[in-house]
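Visitor: I am new to reading protein models. Please take me through one part of this one slowly, and show me what surrounds it.

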Amino acid sequence: MAHPAAWFSPLGSAIERFGGVKATPYAAYRLLKEGSHVLLFPGGDKEVGKGKDGEVELRWKAHGDFVRMAARFDAIIVPFAALGAEE
């Protein structure tokens with residue numbers, strides 16, 4: 001799943017070629033219902049870069065709906081983090 005803003009550029013079609021879809025609650029529901037594997041960065045676009053002070057900050061609180069939805073479908077949740085997107 002990728003941020004819907006990616007589709008305002010050629011990046012959106014490239015994401016689709018690799019099986020990506022716009023990150024929306026409906027898309028997550030449909031994929032989980034089908035039993036698909038879903039990769040989602042819960043911090044979204046706001047977590048991609050560092051803050052003004054240069055620190056990395058996890059911002060997962062606002063996106064709990066996706067976790068609840070995964071639990072509803074008994075999906076396995078594998079937490080992970082990636083650092084260095086800005087480097």
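**A close look at a pair of helices**

Guide: Let's start with a crossing: where α2 and α3 meet, they cross in a right-handed way. Keep in mind as we go that this is a predicted model. Two packed helices are described by the angle between their axes and the distance between the axes. For α2 and α3, that angle is about 20°, and the axes lie 10 Å apart. Angles under 35 degrees count as roughly parallel, so α2 and α3 are roughly parallel to each other.

The chain holds three helices and zero strands, and its pattern along the sequence reads α-α-α. There are 87 residues in the chain, and buried ones make up 20% of them.

Is Leu39 buried, partly exposed or exposed? Its relative accessible area is 46%. Buried means under 20% and exposed means over 50%, so Leu39 counts as partly exposed.

Let's turn to charges. Side chains of opposite charge can pair when their charged atoms come close. How many salt bridges does a search of the whole structure find? The search finds one. The partners are Arg30 and Glu34, whose side chains meet at 3.9 Å, N to O. The cut-off for a salt bridge is 4 Å, so the contact between Arg30 and Glu34 counts as one. Arg30 has a relative accessible area of 31% and is partly exposed. Glu34, with 52%, is exposed.

Finally, step past the end of α3. Here, in the segment after α3, you will find Asp74. With a relative accessible area of 69%, Asp74 is exposed. How far apart are Asp74 and Gly35 in sequence and in space? In sequence, 39 residues separate Asp74 from Gly35. In space, the C-alpha atoms of Asp74 and Gly35 are 9.7 Å apart.

How values were computed
Residues are numbered from 1 along each chain as its sequence is written. This is a predicted model: local features need pLDDT of at least 70, side-chain atom pairs count only at pLDDT 80 or more; totals for chains, interfaces and linings use all residues. Side-chain values use heavy atoms; hydrogens and water are left out. Buried means under 20% relative accessible area, exposed over 50%, partly exposed in between (1.4 Å probe, protein chains only). Axes are lines fitted to C-alpha atoms, for helices over the stretch in contact, and angles run from 0 to 180 degrees between N-to-C directions. Helices (H or I, at least four residues) and strands (E, at least two) are DSSP runs, numbered from the N terminus. Angles under 35 degrees count as roughly parallel, over 145 as roughly antiparallel, 65 to 115 as roughly perpendicular and the rest as oblique. A crossing is left-handed if the near helix is turned anticlockwise from the far one by less than a right angle, and right-handed if clockwise.
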